[in-house]
Amino acid sequence: MYVAVKGGERAIDAAHDWLAEERRGDLSVPELSIAQIREQMALAVNRVMAEGSLYDPDLAALAIKQARGDLIEAVFLIRAYRTTLPRVGASRPVETAAMAVDRRVSATFKDLPGGQVLGPTFDYTHRLLDFSLMAEGEAPSSSIHEERTGGAPEPVPHVTGLLDRDGLIEQALPDDTPPRDLTREPLELPASRALRLQALARADEGFTLSLAYSTQRGYGRTHAFVGELRIGRVAVEIDLPELGFAVEIGEIELTECETVNQFKGSKTEPPQFTRGYGLVMGQSERKAISMSLVDRALRWQELGEDFIGAPAQDEEFVLSHCDNIQATGFLEHIKLPHYVDFQAELELVRRLRREAMAAQEAAQ
Amino acid sequence: MSHQTEPNLRRDWMSVLAKAPPARLAALMPDLPAHDDLRAPEIGAVMVQGRTGGTGAPFNLGEMTVTRCSVRLADGTVGHACVQGRDKGHARRAALADAMMQTAGGAALEAAVLAALRAEEATRRAARAAKAAGTRVEFFTMVRGEDQ
């Protein structure tokens, strides 16, 4: 039960002033600019955009600065801001097949149209601290290898399309049912796959990672291969009612993961691979892979698999606990004044003790 | 008076204007013609949709910030813009350029502004694609001992 408390204004003001001072830190160290955070902490910015569910690198950088680097607090600031924005409309679904790829790898095919492109990856680094980054003001030493090709870029088709040609994988057939939006209406279970994907796209990275890992360890195993992982930029198109046609309004960076999973067959269908899907704002490949594993695990019913009670199979469990703002809101509220609640419990415990002692005395 | 414009041409220039870096557009269009605001620049959000499996049913991925603006030139030509981000100057310039591109002055604007934006965008894309191409890899599978 919440009961209003009064008082403490001066202490609260003083706490916030001190917070501002601590945020700034040692005044002899130069202050971070928003542009510095945006450019040099880009993956933190990406995470705040993905989980804040609002693509705006400058605002995500501002939120990180204001939150002193607490990314969940930063996500909270972005979620609060987005509620103040009028909704202009929905975009056309983005065409990830037309992505200008920075990175595109497949763990299932080594030779594929468009090639394997590593991009700016941490993979194959030795995970040793690079002390040269501590020597301030030095530009990166090595020169970047570039390969210029004339003409239009080579198309980079989806890997699952290659399997689809031979009927070896389930199809993802085009469909134009407008998806429901969990920012506009309360989540109802069972949820459609579209609603689950929306929830997972903005879900906490750590939670999604752990659930995905649990499926790999046997709690709802789906035997996933990364059919394809791609990172790059796609155009966003919106229909402008004033014009009667769609126009591109900008470009966003996305990470897409398609997993190729254990196959199944039935009396009517020959065995074929199944699929999981992950799509995340920014460069967030750990999250995209995790999302596609969890998406696939949640499809057990649709694919006629057994429910073995694994957390990653349990739609209610996953969807009710994947949002870090809901989670932290409920978790952290228990530190706020609960004096009346607790007073009632205290009274109850005292009464029970009195009764128990009286019963004991009577028995003796 | 506005000319009848091919929707495809208009789509194309609106896209170039929306994707232009705001500071660059401001540098290329320092002086703005006289105009009325039909809709003063307004910040909002667009819900970006993806497709399940890349090709299937749409789902809501998350929002992006946009700024939209509509203007009317002195000759009555109307221009619209909806551009990514929260830069009101960007939206106003894009709407003005959209209107001006529909008038007889369109060719001059194309030469002075749009052509430069197109070329710079192509350069940016090519530079990024060249870096990506530099990280293209050929994987070879090794013959394993037990297979020999």
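Predicted model: local features only at pLDDT ≥ 70, side-chain atom pairs only at ≥ 80, totals over all residues.
User: Thanks. What share of the residues in chain A is buried?
Analyst: Buried residues make up 39% of the 364 in the chain.

User: And how many helices and strands does chain A have?
Analyst: Chain A has twelve helices and seven strands. Its C-alpha trace spans about 90 × 70 × 55 Å along the principal axes.

User: What about charges, how many positive and negative side chains are there in chain A?
Analyst: There are 39 positive and 58 negative side chains in chain A, and the centres of the two sets lie 4 Å apart.

User: Which strands is β6(A) joined to?
Analyst: On one hand there is β5(A), residues 225–240, joined to β6(A) by 15 bridges and running antiparallel to it. There, A:V226 has A:T259 as its bridge partner. On the other hand, nine bridges join β6(A) to β7(A), residues 272–281, again antiparallel. In that pairing A:V260 partners A:R275.

User: How many residues sit between β5(A) and β6(A)?
Analyst: Four, and the two strands form a hairpin. In the turn, A:G244 has a positive phi of about 80 degrees.

User: Which residues other than glycine have a positive phi?
Analyst: Among them are A:Y124, at about 70 degrees, and A:H223, near 50 degrees. A:Y124 lies in the loop between β4 and α6 of chain A and is exposed, with a relative accessible area of 59%. A:H223 is in the loop between α8 and β5 of chain A; at 47% relative accessibility it counts as partly exposed. As background, most residues other than glycine have a negative phi.

User: Where is the cis peptide bond at A:P190?
Analyst: The cis bond runs from A:L189 to A:P190, with omega near -5 degrees. A:P190 is placed in the loop between α6 and α7 of chain A.

User: Switching to helix α4 of chain A: which of its residues are buried, and what do they pack against?
Analyst: The buried ones are A:L59, A:A60, A:A61, A:A63 and A:I64. They pack against α2, α3, β1 and α5 of chain A, together with β2 of chain B. Just after the helix, A:R68 takes a positive phi of about 60 degrees.

User: Chain B, then. Where is B:T52, and what does it touch?
Analyst: B:T52 lies in the loop between β1 and β2 of chain B. Leaving out residues up to four places away in sequence, it touches A:A172, A:R193, A:L197, A:Y277, B:A57 and B:F59. At 8% relative accessibility, B:T52 counts as buried.

Methods. Residues numbered from 1 in each chain as written. Chains lettered and ligands numbered in written order. Heavy atoms only, no water. Pairing = 2+ DSSP bridges. Buried < 20%, exposed > 50% of the residue type's maximum accessible area, 1.4 Å probe, protein only. Lys, Arg positive; Asp, Glu negative; His and termini not counted. Charge placed at Lys NZ, Arg CZ, Asp CG, Glu CD. Contact = heavy atoms within 4.5 Å.
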